[in-house]
Amino acid sequence: MSPEMTIRIFASARGVMDWAARTLVEVAASAEGRPVCVALSGGSTPERLYRMLAEERESEVPWDRLEVFFGDERAVPPEHVESNYRLAFDNLLSRVPVRAERVHRIRAEERDLSRAAREYEEIVRSRVPAGPDGLPSFDLVWLGIGSDGHTASLFPGSPALREERRLVAETIDPRTGAPRVTFTLPLLNAARRVQFLVVGESKSEIAKTILGPGRAGGEEPPAARVSPAAGDLEWLLDRAAASGIQDPGLIAGS
Ligand code: 6PG
């Protein structure tokens, strides 16, 4: 795990989202006027975060300075109900004054996903300033986790998970065979700050596997391999997701 890895357990999912929202405000404030590069998570968990940002913290974020990216995308059109872009657009991006030209959607509806991944990597490389290792370094990356330990669309045993050179790659969701495009570990681990948003009982087993005492042997789950070399890693869990790792000393937030 990253040298700066912190576990924060909150009494409720709202506490998780509030901490994440406040982090964006803080990261944007510390950027002192330069663009702030953020990668949004897909799945259902962040919907509450996006709504909270639009409805409760809209005035606190310098939206015109945000460069918005997506950590992964399903191979569907942007208006599709399963689109991660649509999730963010409906709940956040259509409701705040972010600049349209600074919202960078993965064109995962393209037939040639390898080309879509390469094109997205070029956008990332051109818009996200390089960190100490020369790779694009996001100011903030939000991630979720699946019960199989996947994160973004990095699934156990997948070639994309083993990718060491490309920053964005095409892949397949082994649960459905559905194609996707995803950030790879080199890009995730170049970030300045990564936050996992983990809520609900359904995530307690995988959270215990990754964060609990005496992790079992075997292949490390993909989410456990997110370890920013020069950045901060935070696991934000509600009490339900942390039931297997709860430590009274860790309870924080609302
Ligand atoms: C996706 C996400 C994926 C998600 C987890 C958790 O496109 O599905 O990138 O990694 O974060 O599967 O999903 P839930 O938030 O729906 O539990």
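A pocket, as used here, is an open set of points on a 1 Å grid over the protein atoms alone, where a 1.4 Å probe fits and protein lies on both sides within 12 Å along at least five of seven lines; lining residues have an atom within 4 Å of a point. This is a predicted model, with local features needing pLDDT of at least 70 and side-chain atom pairs counting only at pLDDT 80 or more, while totals for chains, interfaces and linings use all residues. Residues are numbered from 1 along each chain as its sequence is written, and side-chain values use heavy atoms, leaving out hydrogens and water.

Start with the second largest pocket, which holds about 170 Å³ of space. Select its lining, including Glu26, Arg34, Asp139, Arg192 and Asp232. Helix α1 (residues 13-30) gives the most here, with three residues.

Now jump to the largest pocket, at about 260 Å³. Its lining has 21 residues, with Gly42, Gly43, Gly144, Ile145 and His150 nearest the centre. Colour β4 (72-74) and β5 (140-143) too: these are the elements that give two or more residues to that lining.

What sits in the largest pocket? The ligand does (more than half of its atoms lie within 2 Å of the pocket's grid points). Show Thr45 next: a polar atom of its side chain is 2.6 Å from a ligand oxygen. Asn84 places a side-chain N or O atom 2.9 Å from an oxygen of the ligand, and for a polar side-chain atom of Arg180 the distance to a ligand oxygen is 3.3 Å.

Definitions and conventions
A polar contact is a pair of N or O atoms within 3.5 Å; within protein, one must be able to donate a hydrogen and the other to accept it, and residues adjacent in sequence count only if both atoms are side-chain atoms. Grid points are joined across faces, edges and corners, and a volume is the space filled by probe spheres set on the points. Helices (H or I, at least four residues) and strands (E, at least two) are DSSP runs, numbered from the N terminus.
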